[in-house]
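Here is a short briefing for a first look at this structure. Keep the sequence and the 3D view open while you read.

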Amino acid sequence: MQHFLYGRRWMWPGLALAALALAIVVLGGRLATRAYMDEAEARGQTTLRLAVSALTGQISRYKALPQLIADNDDIQLMLASPDDPALRDVANRYLKSINSLLESSDIYVIKPGGDTIAASNYDLPTTFVGENYSYRPYYQDAIHGGLGRFFALGVMSNMRGYYFSAPVKLGERAAGVVVLKVHIEEIEASWRGGDFELTVTDPEGIIFMSSRPGWLYSSMKPLTSEMLARTTASRRYSDAVLRNLPVSRFMADGRELLAISERGNTREFLEVAEEMPEAGWTVHVLADTSSARAQSLSAVVLALLALGLAALGSAIILQRRARLAERMQMQQSAQQELERRVDERTADLALVNTRLETEVAERRATEQQLRQTQADLIQAGKLAALGQMSAALSHEFNQPLAAVKTYADNAAILIDRERVAEARDNVSRISSLTDRMASISKHLRNFARKPNQKLGAVSLQEVVHDTQEIVAWRLKAADATLSVDLGPTPLTVKAGAVRLQQVLVNIVTNAADAVEGLPDRRIELVARRKAGKVTITVRDHGPGVPKAIAERIFDPFFSTKGVGKGLGLGLSISYNIIKDFGGSLGVLNHPEGGALFTIDLDAMRSAMREAAE
């Protein structure tokens with residue numbers, strides 16, 4: 001009784017195992033076959049795309065060339081006088097040279113009627129000169145004014161090729177046809193030795209390109225008398241013998257498969273195809289299904305082996321339960337050792353973290369020092385600019401001072417003569433000149449002092465106005481004009497007024513230097529708001545920025561001016577100022593000439609100016 005119960009205990013797991021094995025064989029085999037067929041189809045699609053791309057690229061490379069050759073003067077002169085041997089000789093030599101350059105098969109010219117009168121192979125025994133190709137569709141299409149495309153087997157060379165043709169027009173009539181032939185053997189040779197069979201068929205279903213040479217000139221569709229008549233009329237395959245490829249189609253696993261019989265052996269293929277409408281071809285990729293079926297069988301066998309190994313493993317696990325306690329003890333010891341090492345590593349990481357915090361603090365101090373150095377450098381740049389302004393400004397002040405003295409002397413004389421109204425006018429002129437000098441002095445004083453770091457809403461109109469006051473002397477010295485266009489509405493940007501003024505002074509002064517002595521000395525400052533940004537552009541009509549220095553123009557101490565005419569800091573300081581504002585400064589050459597500096601800043605709603613600046 002005990003043995004009977006023991007046998008019943010193992011009978012049910014055995015039956016379950018047998019049922020699972022049967023399910024793997026039946027259902028698993030079907031699913032595995034479908035999966036490997038899908039994989040083969042996907043790889044076939046990839047191969048098909050590559051093949052179509054290669055053929056399309058080969059056609060695209062040459063399709064425009066016949067028309068270009070047809071426009072050649074030597075070809076047109078020859079067709080205007082087709083019986084002139086000298087013109088034919090010139091055309092023959094031209095076609096030979098251009099054929100060698102293009103690496104095409106042959107290039108030849110056909111006159112009306114179909115006779116070839118010039119060819120790149122004019123000096124070879126297989127020359128096309130004198131041959132009549134009026135039956136070829138590429139000649140018929142081109143002589144009627146169109147572009148011809150045709151694949152065929154060469155009558156003289158017996159070589160397969162693709163023909164491109166174009167009409168040669170003299171006035172409104174087609175005086176002849178230019179034909180260019182290219183070989184396709186190189187592409188076909190690259191297909192051989194692969195995992196797939198590739199074929200290309202013409203509109204009649206006849207194979208003219210194949211990775212298997214034995215399939216050439218075979219039809220994948222039953223040949224009919226109409227198909228043979230059309231092929232014979234165009235002599236597409238010359239004297240080649242056309243035959244039916246022994247192909248049968250059937251459905252299996254929800255997809256259409258092909259069976260091709262050769263020499264008593266039948267192979268099953270999965271087919272993917274794509275048409276090439278421009279060429280009139282169909283590209284076929286045939287994947288041998290024997291590999292997919294073998295892989296499916298291997299997967300089923302492996303699944304059965306895995307099932308057997310799983311059953312064996314289960315038995316082994318049951319026998320090793322006695323050793324489980326010992327292993328758990330070993331694992332506990334290992335875990336304790338791991339925790340100890342983790343504690344040690346944590347202590348090491350804490351020490352490293354402390355060192356990193358110290359290094360970060362040092363780097364922050366260094367960064368603060370660099371910012372202070374940058375601020376000092378900006379101030380130095382402004383003072384250097386003020387130094388360059390001093391000579392011109394002394395002249396700017398001397399003129400109103402001389403006028404003040406003259407008006408004062410005249411006022412005294414007029415008072416003595418009791419001409420009070422005229423004397424009052426002179427005094428008014430003296431007051432205006434005094435205000436003018438005070439305005440210039442105020443702008444220079446504000447320009448010279450250091451600004452704070454706070455940013456706020458700045459009126460662009462006020463900054464540009466102050467800039468014009470400061471650069472007026474330089475514009476006058478360069479005999480340049482500055483036109484300002486700030487748009488229909490007032491613009492407000494996020495910046496510092498004095499530092500933004502310094503940037504505009506630097507850029508406008510550089511523009512004045514660029515146009516000085518040139519016929520066109522215009523400088524244009526334009527500002528517009530768009531999508532939360534304000535873009536300021538300053539364009540001169542000078543020689544522009546050479547490409548060799550465009551990437552270095554914002555580097556410190558880089559200057560294209562002569563010795564003593566600049567420190568090379570202006571644009572570098574301006575770049576860093578705009579960057580501190582959260583904006584960008586760039587330069588490029590305007591398409592119509594001259595340099596174009598572009599400043600992008602954030603737009604602001606209010607126009608309150610920072611009091612600290």
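**Rings, cores and a surface patch**

Tyr 108, Phe 128, Tyr 133 and Tyr 135 are linked into a cluster by ring pairs. The model is a predicted one. The points below cover its aromatic pairs, its nonpolar cores and a patch on its surface.

**Aromatic pairs**

- The count of aromatic pairs comes to 11.
- One of these pairs joins Tyr 138 and Phe 150. Their ring centres are 6.4 Å apart, and the planes make an angle of 55 degrees. The pair is tilted.
- Tyr 138 belongs to helix α5 (residues 137–143), while Phe 150 belongs to strand β3 (residues 148–153). The pair therefore ties together parts that are 12 residues apart in sequence.
- Tyr 138 is buried, at a relative accessible area of 0%. Phe 150 is also buried, at 6% relative accessibility.
- Phe 151 and Trp 281 make an edge-to-face pair, because their planes stand at 85 degrees and their ring centres are 5.9 Å apart. The cut-off for edge-to-face is over 60 degrees.
- Phe 151 sits in strand β3, and Trp 281 in strand β13 (residues 281–288). This pair therefore ties together parts that are 130 residues apart in sequence.
- Phe 151 is buried, with a relative accessible area of 1%. Trp 281 counts as buried too, at 3%.

**Nonpolar cores**

- The largest nonpolar core has 55 residues. Leu 55, Ile 69, Ile 75, Leu 180 and Trp 281 have the most contacts inside this core.
- Helix α1 (residues 2–62) gives the most to this core, with eight residues.
- Which residues does Leu 180 touch, leaving aside those up to four places away in sequence? They include Tyr 62, Leu 65, Pro 66, Ile 69 and Leu 102. Also among them are Ser 104, Asp 106, Ile 107, Tyr 162, Tyr 163 and Phe 164.
- A second core is separate and has 45 residues. Leu 491, Val 515, Leu 525 and Ile 549 are among them.

**Surface patch**

- Leu 297, Val 301, Leu 302 and Leu 305 make a nonpolar surface patch of about 400 Å².
- Leu 297 lies in helix α8 (residues 289–319).
- Is Leu 297 buried or exposed? Leu 297 is exposed, because its relative accessible area is 55% and the cut-off for exposed is over 50%.

Definitions and conventions:
Residues numbered from 1 in each chain as written. Predicted model: local features only at pLDDT ≥ 70, side-chain atom pairs only at ≥ 80, totals over all residues. Heavy atoms only, no water. Patch = residues over 30% accessible without salt bridge, like charges linked within 9 Å, V, L, I, M, F, W, Y side chains within 5 Å. Areas by Shrake-Rupley, 256 points an atom, 1.4 Å probe, with all protein chains shown as cover. Salt bridge = Lys/Arg side-chain N within 4 Å of Asp/Glu carboxyl O. Helix = DSSP H or I, 4+ residues; strand = E, 2+ residues; numbered from the N terminus. Buried < 20%, exposed > 50% of the residue type's maximum accessible area, 1.4 Å probe, protein only. Core = buried A, V, L, I, M, F, W, Y, C linked by side-chain atoms within 4.5 Å. Contact = heavy atoms within 4.5 Å. Phe/Tyr/Trp six-rings, centres within 6.5 Å; stacked < 30°, edge-to-face > 60°.
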